Every structure is written in C-alpha cells, then in structure tokens.
Amino acid sequence: MKWVKFRLKTVTDMEDIIISTLYDIGLEGAQIEDKIPLTALEKEQMFVDILPDGPEDDGVAYLNFFVEKQEDGSLIVQGEEVDVDTLLERINQELEDLKMFCDIGEGTVTVDETEDIDWINNWKQYFHQFYIDDILVIPSWEDIKPEDSEKMVLHIDPGTAFGTGMHETTQLCIRQLRKFITPETELLDVGTGSGILAILSLMFGAKHAVGTDLDPCAVEAVAENCATNGIAPEQFEMMIGNIITDKAVQDKVGYECYDIVVANILADVLVPLTPVIVNQLKSGGIYITSGIIDDKEQTVVDAVKAAGLEVLEVTYQGEWVSVTAQKK
C-alpha cells in the first residue's frame, strides 16, 4: 500500500484550526509534530515515570496528512478521484483563506510518497518471543519451538493497548504475583492494558480477575488475549474508567473483595491511587505496585504507609522498583 504524505509547516496555535479545515476537504488522520511540553494528563497516561527534558517550544508545528495512493497514481478523497496536484491546490487555497484572518506561520506544504506501510501491524517486526524466567511470551505470528513445548506459554498480542511483558516493571509484578496467588485469589489489575498481568495470574491459578483501564482499546485487546490463552470470559471482567476519581467505577469494582490488587503504573498515579484502592482490598490483602523509577521509591513507600498498609518487600530490576504491601 502506497501513501502520499502532505506535510504542512505552521505554528502551534493554529494546529486545531488547520486540522479541522483540512478535514473538511477530506484529509484525515493528522500526525502532529511540535515541541509543546506534555500536559499532566498526558504524562499520567504514559508508561515512563520521568521524562527527559525536551527541546524548548519554538512555536513551530508540522502537520502530516496521509492519503492512500491508488494503483493508477490517483487519490480518493471524499469518494472523488483526484490527482496529487489538484489536492495540493485545494490545500493551498484553504491555507490562503486562513491567512486572510489569522497568522498560520509559514504555511508551506511539501509532498512525499511513503513506502508500503501496514499502519496497524508494522510494529510487529519489533516484537518477538522472549522469556520471563521460565515463562515463554510469544506473539500469535510466531511458532513455539519444540524445546519449549513443556513450558508455560503466554500468547500475547498487545495491539493498540499497552503491554507485552518486555518491560522491567511488568516482570517485577509477575514475579511478585507468583508468590501470593492461590486457587481462591480474587485479583484486581488497575491499568490492565493488554491484560498480561491478570491473564498470567489466572494461568498461575487465580480464581477470578477484574481489570480497569482508561483506554477503551484495552477491552478488545484483553478479550483477544484471553481467548488466545484459553481464559474464559467469565474469569476476567474488564471495566473502563478512572478508579481514582470516579465513584461509580469504585462501586462497580467493589469494596473489600480482592485478595490482590496489582498496579503497574506511574509513581505519580500510585500516590493518589493507594488510599483509594485500600478500600478494594480484603483484610490481609496484598498490594503489588510497579512503574516506579528508582528515585521515586520513597515517594511510593510513604504513600503506601500513609494509607495504613505494611510494606512487605521492595524489589528491583534495572532502574525500576516494585513495592509490595499488605492491608493489616
């Protein structure tokens, strides 16, 4: 599949207006490049705990729009067949109209053609089978080797939801889960992503799991990964919403009904999460956290203690930390 890329140079203040304007003429799927610092919410929804300092915002933005190229070289936009020059002319006309009443910066457009790209599946070239201790983690497009036929195998396709098990924090959580899971374990996975922690917990013998996430993409990813690993739908219940701030989500998840709560998310999210999640834990329940960069260890430990939990163990892998605690 070939794509024609229209790359527009503008200013950050005009990103939304230009995107909306060009959507009206049939361009979709804008890719934005700028140096605007991430918002607090954006940082919460990312996996990294501490971001490196980025370049200073210079007010410049690049907007990329991709249109599929047909075999005859034409483009289909809003059901109409056009050539590249015609579409470029339309884009420039819209920009000229905008210039009459606002500053869009340079407003120049360049045209390029991409290589064949499968946008959804291209990432698969970077994800191959690997081991977490004695567990083989393997994507659906690879085969199990004969020598691995007796191993515990986790089939995982993260798709558009986060989580393959390759990250140190995920592995820290998995090792802690294996220590505490029993056949009667009711587990809550906060920020479940692709469902890897809950699915492995069920494979370790847990009775039932509930997962929460902010991203609706997690629902499909979890369903597919459960099916691939032979997890029955009734074993893993998935919920979308913010358990920290949404009382309805807290009520739906339930109170004092989980033997283990696991949260592999940011330290800055764990701090407000912990005093909430303690209400979901049974007396004596285990709270397993990770996603903590090493210099945030004490911050999380303090939050855990402030919530009335007893710290049982702190484990490390690379520069990442996992804190395991228990409800007294």
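Reader: How many helices and strands does the chain have, and what makes a stretch count as one?
Author: The chain has 9 helices and 16 strands. Both are DSSP runs numbered from the N terminus: a helix is a run of H or I of at least four residues, and a strand is a run of E of at least two. The model is predicted, so local features need pLDDT of at least 70 and side-chain atom pairs count only at pLDDT 80 or more, while totals for chains, interfaces and linings use all residues. Residues are numbered from 1 along each chain as its sequence is written, and side-chain values use heavy atoms, with hydrogens and water left out.

Reader: What share of the chain is buried, and what makes a residue buried or exposed?
Author: Buried residues make up 45% of the 328 residues. The term means under 20% relative accessible area; exposed means over 50%, and partly exposed lies in between (1.4 Å probe, protein chains only).

Reader: Why is Q78 called exposed, and what is K179 called?
Author: Q78 has a relative accessible area of 59%, so it is exposed. K179, in helix 4, has 47% and is therefore partly exposed. D133 has 48% and is also partly exposed.

Reader: What is noted about phi in Q78 and D133?
Author: Most residues other than glycine have a negative phi. Q78 has a positive phi near 55° and is not a glycine; this residue lies in the loop between strand 4 (75–77) and strand 5 (80–82). D133 is not a glycine either, and its phi is positive, about 55°. D133 is in the loop between strand 7 and strand 8.

Reader: Why is helix 5 said to be largely enclosed?
Author: In helix 5 (residues 196–203), 7 of the 8 residues are buried, so the rest of the structure largely encloses this helix. The buried ones are I196, L197, A198, I199, L200, S201 and L202. After helix 5 comes G205, with a positive phi near 120°.

Reader: What makes a group of residues a nonpolar core?
Author: The members are buried Ala, Val, Leu, Ile, Met, Phe, Trp, Tyr and Cys residues joined through side-chain atoms within 4.5 Å. The largest core has 31 residues, of which V137, L154, L177 and F236 touch the most other members. Helix 5 gives the most to this core, with 6 residues. A second, separate core has 28 residues, including V253, L270, L273 and V323.

Reader: Which residues does L154 touch?
Author: Contact means heavy atoms within 4.5 Å. Leaving aside residues up to four places away in sequence, L154 touches I135, L136, V137, I138, I196, I199, L200, M203 and N229.

Reader: How do you know that the buried residues of helix 9 are on the same side?
Author: The buried residues of helix 9 (residues 297–306) are E297, V300, V301, A303 and V304. They cover an arc of only 160° around the axis, so they sit on the same side of helix 9; the arc is that of the directions from the helix axis to the C-beta atoms. The face turned away from the buried side of helix 9 carries the exposed residues K305 and A306. The buried residues of helix 9 pack against helix 8 (267–277), strand 14 (281–293), strand 15 (309–317) and strand 16 (320–327). Just after helix 9, G308 has a positive phi of about 90°.

Reader: Why are helix 8 and helix 9 called roughly parallel?
Author: Their axes come within 9 Å and cross at roughly 5°. Axes are lines fitted to C-alpha atoms, for helices over the stretch in contact, and angles run from 0 to 180 degrees between N-to-C directions. Angles under 35 degrees count as roughly parallel, over 145 as roughly antiparallel, 65 to 115 as roughly perpendicular and the rest as oblique. Helix 8 and helix 9 are therefore roughly parallel. A267, L270, V271 and T274 of helix 8 make the contact with T299, V300, A303 and V304 of helix 9.
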